[in-house]
Amino acid sequence: MAKEYPASPKAQQLQESKKQRLTYILVVSALCTAFYVLGAWQNTTLPKPAASSAITRVGCDPAAAQSSSVPSFGSASQDSLDFDAHHQLSLNDTEADAAVQPFPACPLNFSEYTPCEDRTRGRRFEREMLVYRERHCPGKDEEIRCLIPAPPNYRTPFRWPQSRDYAWFNNIPHKELSIEKAVQNWIQVDGEKFRFPGGGTMFPRGADAYIDDIGKLIPLTDGKIRTAIDTGCGVASWGAYLLKRNIIAMSFAPRDTHEAQVQFALERGVPAIIGVMGKQRLPYPSRSFDMAHCSRCLIPWEAHDGLYLAEVDRILRPGGYWIHSGPPINWKTHYKGWERTKEDLKQEQDNIEDVARSLCWSKVVEKGDLSIWQKPKNHLECANIKKKYKIPHICKSDNPDAAWYEKMEACVTPLPEVSNQGDIAGGAVERWPQRALTVPPRVKRGLIPGIDVKKFEEDKKLWEKRVAYYKRTTPIAEGRYRNVMDMNANLGGFAASLVKYPVWVMNVVPVNSDRDTLGAIYERGFIGTYQDWCEAFSTYPRTYDLLHADNLFSIYQDRCDITNILLEMDRILRPEGTAIIRDTVDVLTKVQAITKRMRWESRIMDHEDGPFNPEKVLMAVKTYWTADAS
C-alpha cells in the first residue's frame with residue numbers, strides 16, 4: 001500500500017482556494033438562473049440597440065453589460081431594472097415582426113386631429129344648441145392606429161413666462177385669427193413667431209388693464225378667489241393674466257371657425273380645453289369655481305328658461321362671482337357698433353337679470369362695460385325668492401356632481417343645508433395658498449367614501465415623497481415642463497407637491513374610478529375635469545409637456561384596449577415630452593412593449609421604497625420627429 005503523506009500548507013491553501021472559486025461559480029450560476037427565470041416570467045425588455053442584453057445586477061455577462069445603453073433621465077441610473085427574458089422559445093419571423101412592428105405615422109392632415117371634436121363627424125348631428133360641436137367620439141370602425149405627426153419644422157415651445165407672449169408660427173401654422181381679430185389685438189404674426197399682445201374683444205387696453213378694472217370692483221388679490229372659468233375664451237388672455245394674481249382659470253372654447261384658439265392657449269402655457277355650452281353639462285362637479293367669466297362669449301344666457309346660467313350656477317361656489325361684459329352690457333354706449341336697436345338690447349339685459357335673480361343671485365355692481373353678480377353663500381333665503389320666480393325650479397337630481405354626458409337642466413341646484421345665515425354651504429375653504437394643503441370640506445364632511453382627514457394627510461406626505469423621487473430622474477424643478485396632466489389625480493396630491501414650480505396641472509378624475517374626488521381637488525384650489533380614458537381627451541395634439549398616470553392602466557386594462565390609451569397619450573404629448581407611469585410590473589411590461597412601437601424611449605425604475613415593492617415606475621420620453629415637409 002502506498003504511503004499517504006499529509007498535504008503541505010501551500011497545497012492545502014490551493015485546494016481551499018479552488019473550493020471557494022467553485023462555490024462562487026455555483027452561486028453565480030444559481031443567481032443567473034433565477035434572474036433568467038424571472039426575466040422569462042416578466043417577458044419584457046428595456047430599450048437598447050441590441051436584440052438582447054445582460055443581467056447586470058449579478059454580472060453574468062460583463063462584456064454585454066458594458067455595451068448596453070438606456071436613455072438618460074438623470075443621476076439615478078442605478079435604479080434601472082432589467083426584466084428581459086433571456087431563455088425562451090423564439091417566434092417565427094412573421095409573428096415576431098407583428099408583435100414589435102412600429103406604428104406608422106399618420107398623414108400630415110391629421111396633425112391637428114381631435115378625435116372627439118372632429119368637424120366632419122360633427123356635421124352628422126343637429127346644429128340646434130350647438131350639439132354638433134359637443135363631444136362625438138369615433139366608433140370602432142373610425143379609430144385610427146397611427147402616430148399624429150408634428151408639423152415640419154416644429155420647435156420646442158418657449159418657456160414660461162415668455163410663452164405667455166410668444167409662440168412659434170411653425171408649431172401652429174394658422175394666420176386666420178391674426179387677420180380676423182386684427183382690430184381686437186388677439187394675436188399678431190411677427191416673423192417666425194406669433195405675438196400675443198393680450199387684447200380681446202371687450203378689453204382693447206389689454207387683458208391686464210381689464211382685470212385691473214375687475215379688481216377695483218371685487219377682491220382679486222387676497223387669496224379668496226382662486227379657481228375661475230372662462231366661457232368662450234378666445235386665446236385665453238384673460239386666464240393668462242390672471243395667473244400672476246394667483247388665480248387659475250379653466251378656459252374653454254369650441255373647435256369652430258376661430259381655428260385653433262384653444263391650441264394657441266395651451267401653446268402659451270395657459271390652461272384650456274375644447275368645450276362648448278350645448279345640451280350637455282360641463283365636465284366639472286358642482287361648487288367648483290370661485291369666479292365665472294363671459295366676455296362677449298355669445299352664449300344666449302336668457303334662452304331655454306335660463307338653462308346656461310343655471311349651469312353656471314351649478315358649478316359656481318357659494319359666494320362666487322359671475323362677470324359679464326359685452327352685449328348687452330352698456331348697450332347705451334355700444335348699440336350702434338353692435339348694429340342692434342336700444343329696445344332689443346335692453347330687453348335682452350332685462351331677461352338675463354330676471355334669470356340671475358331667479359337663481360337667487362344678487363347684483364354686485366354694473367360699471368362701464370362690466371356687470372358683476374354674486375351667488376348666495378347658502379339657500380336660506382332662496383325659498384322666499386322662489387315664491388316669486390317659479391322658473392327655473394329647484395333641481396330634483398340627487399347628484400349635482402354627475403357631469404359626464406349628463407344633460408343640462410334648467411333648474412336651481414340646491415346647496416347643502418346650513419344652520420345660520422352667514423354659513424357657507426358645503427363648508428368654507430382657506431385662502432390661497434394655504435388652501436392647497438388644507439383638508440377640503442368634502443373630506444372633512446365625510447363625503448368621499450374611504451377618505452378621512454387622516455388618509456388625506458397621509459396622501460399629502462406620500463406625494464411629497466414621490467415627487468422628491470421623481471426629481472432625481474426628471475427635470476421637474478428646472479422649468480423644462482409647463483403643461484402637466486395627472487391622468488388619475490385621486491386627491492390632487494401630485495399637483496399639490498408641484499405648486500412651488502412654474503407648472504400648472506390638469507387634474508383628471510376618471511369616471512370609472514371607485515370614488516369621485518374632483519370636487520375636493522377644486523376645494524384645494526386646483527382645476528381638473530372628468531374623463532373616460534377609453535375615449536380621447538378634449539385637447540389638440542402636442543399640448544402637454546408631462547403626463548402622469550398613477551395606476552391608470554390597472555383601472556382600464558379590462559375595460560378597453562390600453563394601446564388606444566397610449567396612442568392618445570402620444571397624441572397629446574409634445575415631442576421630447578415625458579410620461580411617468582406607475583403600476584404593477586406585469587402591467588408596466590405590457591405598457592413598455594407598446595411604447596417601443598410609438599418611438600418612445602423608456603426605463604422601468606424601482607418603487608421609491610425599494611426593489612421589493614411590486615409597484616414600479618416607468619419613465620418614458622417621446623422622441624422628436626416631425627412630418628416630412630414634402
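## A walk through the model, ring by ring

Select Arg226 and Trp432 to begin: the charged end of Arg226 sits over the ring of Trp432, 3.6 Å from its centre. For a charge to sit over a ring here, NZ of Lys or CZ of Arg has to be within 6 Å of the ring centre and within 35 degrees of the ring normal. Now pick Arg466, which lies over the face of Trp463 at 4.8 Å from the ring centre.

Some housekeeping before moving on. You're looking at a predicted model, where local features need pLDDT of at least 70 and side-chain atom pairs count only at pLDDT 80 or more, while totals for chains, interfaces and linings use all residues. Residues are numbered from 1 along each chain as its sequence is written, and side-chain values use heavy atoms, with hydrogens and water left out.

**Zoom out**

Switch to cartoon and you have 19 helices and 19 strands; these are DSSP runs numbered from the N terminus, with helices being H or I of at least four residues and strands E of at least two. Of the 630 residues, 54% are buried. Buried means under 20% relative accessible area, exposed over 50%, and partly exposed in between, with a 1.4 Å probe and protein chains only.

**The cores**

Next, select Met291, Trp301, Trp322, Met485, Phe553 and Met569: within the largest nonpolar core, of 128 residues, they touch the most other members. Another core lies apart from it, with ten residues, including Phe169, Trp186, Phe194 and Val235. A nonpolar core is a set of buried Ala, Val, Leu, Ile, Met, Phe, Trp, Tyr and Cys residues joined through side-chain atoms within 4.5 Å.

Which residues does Trp301 contact, leaving aside neighbours within four places in sequence? Among them are Met277, Tyr308, Trp322 and His324, a contact being heavy atoms within 4.5 Å.

**Aromatic pairs**

The whole structure holds 17 aromatic pairs. Rings of Phe, Tyr and Trp (its six-membered ring) pair if their centres lie within 6.5 Å; planes under 30 degrees apart are stacked, over 60 edge-to-face, and the rest tilted.

Show Phe169 and Phe194, a tilted pair at 5.2 Å centre to centre with 45 degrees between the planes. Phe169 is in the loop between strand 1 (166-168) and helix 5 (176-180) and Phe194 is in strand 3 (residues 193-195), so the pair ties together parts 25 residues apart in sequence. Both residues are buried.

Tyr470 belongs to helix 14 (residues 453-470) and Phe494 to helix 15 (residues 493-496). Tyr470 is buried, at a relative accessible area of 0%, and Phe494 is buried at 0% too.

Colour helix 18 (residues 562-572) by accessibility: ten of its eleven residues are buried, among them Glu568, Asp570 and Arg571. At its start, a side-chain oxygen of Asp561 reaches to within 2.9 Å of the backbone nitrogen of Thr563.

Last stop: is Ser513 buried, partly exposed or exposed? Ser513 is partly exposed, because its relative accessible area is 21%. Find it in the loop between strand 14 (504-510) and helix 16 (518-523). The side chain of Ser513 reaches the backbone oxygen of Pro510 at 2.9 Å.

Conventions. A polar contact is a pair of N or O atoms within 3.5 Å; within protein, one must be able to donate a hydrogen and the other to accept it, and residues adjacent in sequence count only if both atoms are side-chain atoms.
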